[in-house]
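Dear colleague,

Please find below a structure that I am handing over to you. I would be grateful if you could look through it together with the notes that come after it.

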Amino acid sequence: MNQIDWKNLPFGYFKTDYNVRCYYHDGQWGELEISSSELISMHMAATCLHYGQEAFEGLKAFRGKDGKIRIFRMDENWKRMNNSARGIMMAEVPWELFHKAVLTVVKLNEKYIPPYGEGASLYIRPLLIGTGPQVGVKPAEEYMFLVFAGPVGPYFKEGFNPVKMEIVRDYHRAAPKGTGHIKVGGNYAASLVPAHRAHQDGYASVLFLDAAEEKYIDEAGPANFFGIKGNTYVTPSSRSILPSITNKSLQELAKEIGMKVEVRPVPVEELAEFDEVGACGTAAVISPICSIIDRDTTHGYHYCKESKAGEISTRLYKKLRAIQEGEEPDKYGWITIVE
Ligand code: PLP
Ligand code: COI
């Protein structure tokens with residue numbers, strides 16, 4: 001293996017040595033298989049190819065200062081994957097299988113876990129797909145559960161440096177009663193065109209609004225949105241937002257440092273009242289936002305003094321990273337140590 005430049009890793013696909021797979025057939029899951037192939041073979045009429053029966057997850061493993069490997073909140077990713085499975089009528093994955101698959105992938109690819117202090121981590125990608133054939137619009141009878149992993153750096157190239165985002169109204173990520181609350185591929189397909197346009201125009205991401213009224217903030221591309229107003233952490237509630245595990249964790253940490261937490265609809269105009277705003281997610285961790293530009297009105301909302309992240313965002317970021325890397329005690333039971 002060539003030396004990996006851990007400090008300059010992008011957030012992207014990285015070939016490692018092994019992945020694991022399991023097949024659902026005749027109403028039950030088989031044995032977990034280890035594979036060193038990057039390819040999968042499937043029926044050309046598989047429902048994941050035609051009707052979007054596909055859900056994925058994203059979680060991370062970290063190398064701590066003490067050398068131990070820590071996986072962050074994997075039970076939450078398991079619950080969300082099964083929520084996605086129910087949302088598009090796929091077979092659910094039992095906890096024992098999910099747990100074993102994630103641990104096996106992490107252990108088998110241990111040499112790809114970035115060393116402590118490089119600002120990188122091992123990104124773990126569970127995938128659940130309908131592999132059985134259908135031509136009528138119906139759920140498959142066969143499924144495949146697969147987990148691969150690879151080292152990654154920050155999702156937004158700016159890392160913890162503030163990014164710019166744009167509010168759009170000519171595209172919606174998810175319909176009000178659609179699939180925005182589950183992690184299925186179609187939501188990401190719907191975001192590709194506006195995200196591409198935003199990147200071309202110099203923005204890190206799009207800030208999507210609620211599709212019913214276009215009045216409230218939904219989420220920040222592949223991450224949730226939060227704002228800090230005085231001593232309050234505010235984050236949108238909406239049926240079409242993906243419930244972020246990072247956001248849920250930040251809410252706990254905000255309470256721990258004595259802040260109030262409000263989860264409620266956030267009207268666009270309220271952007272003018274926040275002291276700090278940011279995007280949060282497994283891939284994004286916390287991405288502080290320095291400017292939000294409304295594409296229609298060209299009105300801008302600006303944050304960050306001297307292009308630096310705000311004080312509270314920085315505190316929350318450091319606290320989260322400290323738990324993930326084992327520098328702060330795991331008092332919430334969020335960590336699985338890989339033995
Ligand atoms: N929102 C969307 C649309 C996402 O894809 C993600 C990533 O998983 C998030 C939010 C953040 O969720 P989490 O913190 O669980 O990674
Ligand atoms: C994550 O944060 O895990 C994501 O899934 C975001 C993106 C890569 C889809």
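Predicted model: local features only at pLDDT ≥ 70, side-chain atom pairs only at ≥ 80, totals over all residues.

Residues are numbered from 1 along each chain as its sequence is written, chains are lettered from A and ligands numbered from 1 in the order in which they are written, and side-chain values use heavy atoms, with hydrogens and water left out.

Ligand 1 has 16 residues around it, of which Tyr188, Glu219, Ser244, Thr246 and Thr282 come nearest (a residue is near if one of its heavy atoms lies within 4 Å). Polar contacts are pairs of N or O atoms within 3.5 Å. A polar side-chain atom of Thr282 is 2.5 Å from an oxygen atom of ligand 1, and a side-chain N or O atom of Thr246 is also 2.5 Å from an oxygen atom of this ligand. For Lys183, the distance from a polar side-chain atom to an oxygen atom of ligand 1 is 2.7 Å. Alone, ligand 1 exposes 380 Å², and the protein buries 97% of that (Shrake-Rupley method, 1.4 Å probe).

Lys183 also reaches ligand 2, with a polar side-chain atom 2.7 Å from an oxygen atom there. The surroundings of ligand 2 include Phe11, Phe56, Arg125 and Pro222. A polar side-chain atom of Tyr123 lies 2.7 Å from an oxygen atom of ligand 2, while Ala283 places a backbone N or O atom 2.8 Å from one. Of the 280 Å² of accessible area that ligand 2 has on its own, the protein covers 90%.

Helices α5 (residues 245-256) and α6 (residues 311-324) pack at about 110 degrees, with their axes 10 Å apart (helices are DSSP runs, H or I, of at least four residues). The two are therefore roughly perpendicular (65 to 115 degrees). Residues in contact (heavy atoms within 4.5 Å) include Leu250 and Leu253 in α5 and Leu316 and Ile323 in α6.

With kind regards

Note on methods. Axes fitted to C-alpha atoms, helices over the stretch in contact; angles between N-to-C directions. Parallel < 35°, antiparallel > 145°, perpendicular 65-115°, else oblique. Polar contact = N/O pair within 3.5 Å; in protein donor to acceptor, adjacent residues only side chain to side chain.
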